Amino acid sequence: SSRADRWLSYDTVKIVRVENWVLGALHYCLMLTILAYVLGYSIFWERGYQATSPVIGTVSVKIKGSGVQQQVNNTVWDAIDIVYPSLEDSAAFITTNAILTPGQTRGFWDSGLSCGNCTAGTLTEYGVLTGKCLNNDTTCEVDGWGPLEVEPTNLNMTTISGLNNMTLFIRSNAFFSSFGVRKDNIGNELGPLNFMTLASLLDQAKLDYWDVAEKGCIIVALVQWECDFDPWSSDCNPKFQFYRIDDPDKSFSSGFNYRYATSYRE
């Protein structure tokens, strides 16, 4: 053959016809199995024909109810007192224990610090040392807010009881940006999709109120939206899961707490 024949040559497939019904049946069974897997399982059952979308969402919580500090003059706390601050970004703080220091004013107070080093102008957690010693030269005087906070020896003495029955209205909004679809769990009424008690939330996190009331805890809520927008599919709603994420066995600074002040003038 010429060089041109070799350069411009091509291959063809040789077809062999097998006239054996057993092998033929096996061949077509394998073809049908592959076709059923691709069409029935991968595309239809596993929704292989569907596209996916990222979800942008927010969660807000409205809390109602009240509690009592029984060992602190039966002080009543309503939702405005208990939920502080009243508005947070995708979070809520519920007060379960409160150490109050009422009637503080600016002035000169006993800091309780040893008089061994009362250098004037020294900054402390209580204020500024004046350089004077009090109580027969045993403690330092401080310029700041007083009387100073006194932490009780037993935190159980200041816990707030009755909060198990507080109600939480949890609103979740989701936006599926690729499809332009907006969803929420509000509906037309309160129900298990958006309404629960504090006791129910703690139970889902495998906690009891009195296990966390003294020192507090940090609970994270996972909100899962899995929606199918096929015309024949039912409406979707979020699934909530609650977990405690702080370490309850930590010996130092366990739980969760913070300080805040309410100031006023007479």
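This note walks through the disulfides, sheets and nonpolar cores of a predicted model.

1. **Disulfide count and pattern.** The model holds 3 disulfides. Counted along the chain, the bonded cysteines pair in the pattern 1-3, 2-4, 5-6. A disulfide is a covalent bond between the sulfur atoms of two cysteines.

2. **Cys115 and Cys133.** These two cysteines are joined, with an S to S distance of 1.5 Å. The link ties distant parts of the chain, 18 residues apart. Cys115 lies in the loop between strand E4 (105-114) and strand E5 (123-124). Cys133 belongs to strand E6 (residues 127-134). Cys115 has a relative accessible area of 15%, so it counts as buried, the cut-off being under 20%. Cys133, at 30%, is partly exposed.

3. **Cys118 and Cys140.** A disulfide joins this pair too, with 1.7 Å from S to S. Here as well, distant parts of the chain are linked, now 22 residues apart. Cys118 sits in the loop between E4 and E5, while Cys140 is in strand E7 (residues 139-146). The angle about the S-S bond is -90 degrees, and the link is left-handed. Both ends are covered: Cys118 is buried at 10% relative accessible area, and Cys140 is buried at 1%.

4. **Cys227 and Cys236.** The sulfur atoms of this disulfide are 1.9 Å apart. The link is right-handed, with 75 degrees about the S-S bond. Is each end buried or partly exposed? Cys227 counts as partly exposed at 22% relative accessibility. Cys236 is buried at 8%.

5. **The E4 to E7 sheet.** Which strands stand at the edges of this sheet? The sheet is open and has 4 strands, in the order E4-E7-E6-E5. The pairing is antiparallel. E4 and E5 each have a single partner strand, so they stand at the edges, and one side of each is left without a neighbour in the sheet. E6 and E7 run antiparallel and are joined by 4 bridges. Within that pairing, Leu129 has Val142 of E7 as its bridge partner.

6. Cys115 is bonded to Cys133, and Cys118 is bonded to Cys140.

7. **The largest core.** This nonpolar core has 23 residues. The members that touch the most others are Ile94, Leu163, Leu168, Leu198, Tyr209 and Phe242. Several elements give two or more residues: helix H3 (79-82), strand E8 (167-176), helix H4 (198-204), helix H5 (209-212) and strand E12 (239-244). H4 gives the largest share, 3 residues. In soluble globular proteins, nonpolar side chains tend to be buried together.

8. **Phe242 as a contact point.** What does Phe242 touch beyond residues up to four places away in sequence? Its contacts are Ile170, Met196, Leu201, Gln204, Ala205, Ile219, Val220 and Ala221.

9. **Strand E8 and its partners.** E8 is mostly covered, with 7 of its 10 residues buried. Strand E1 (residues 55-64) pairs with E8 in the antiparallel sense over 10 bridges. In that pairing, Ile56 has Phe175 of E8 as its bridge partner. Strand E10 (residues 195-197) also runs antiparallel to E8, joined by 3 bridges. There, Phe169 is partnered by Phe195 of E10.

10. **The E8 and E9 hairpin.** E8 pairs with strand E9 (residues 181-184) in the antiparallel sense over 4 bridges. Asn173 stands opposite Asp184 in E9. The hairpin has 4 residues between the strands. Gly180 takes a positive phi near 70 degrees in this hairpin.

Notes: Residues are numbered from 1 along each chain as its sequence is written. This is a predicted model: local features need pLDDT of at least 70, side-chain atom pairs count only at pLDDT 80 or more; totals for chains, interfaces and linings use all residues. Side-chain values use heavy atoms; hydrogens and water are left out. A disulfide is a pair of cysteine sulfur atoms within 2.5 Å. Buried means under 20% relative accessible area, exposed over 50%, partly exposed in between (1.4 Å probe, protein chains only). Two strands pair if DSSP finds at least two bridges between them. A nonpolar core is a set of buried Ala, Val, Leu, Ile, Met, Phe, Trp, Tyr and Cys residues joined through side-chain atoms within 4.5 Å. Contact means heavy atoms within 4.5 Å.
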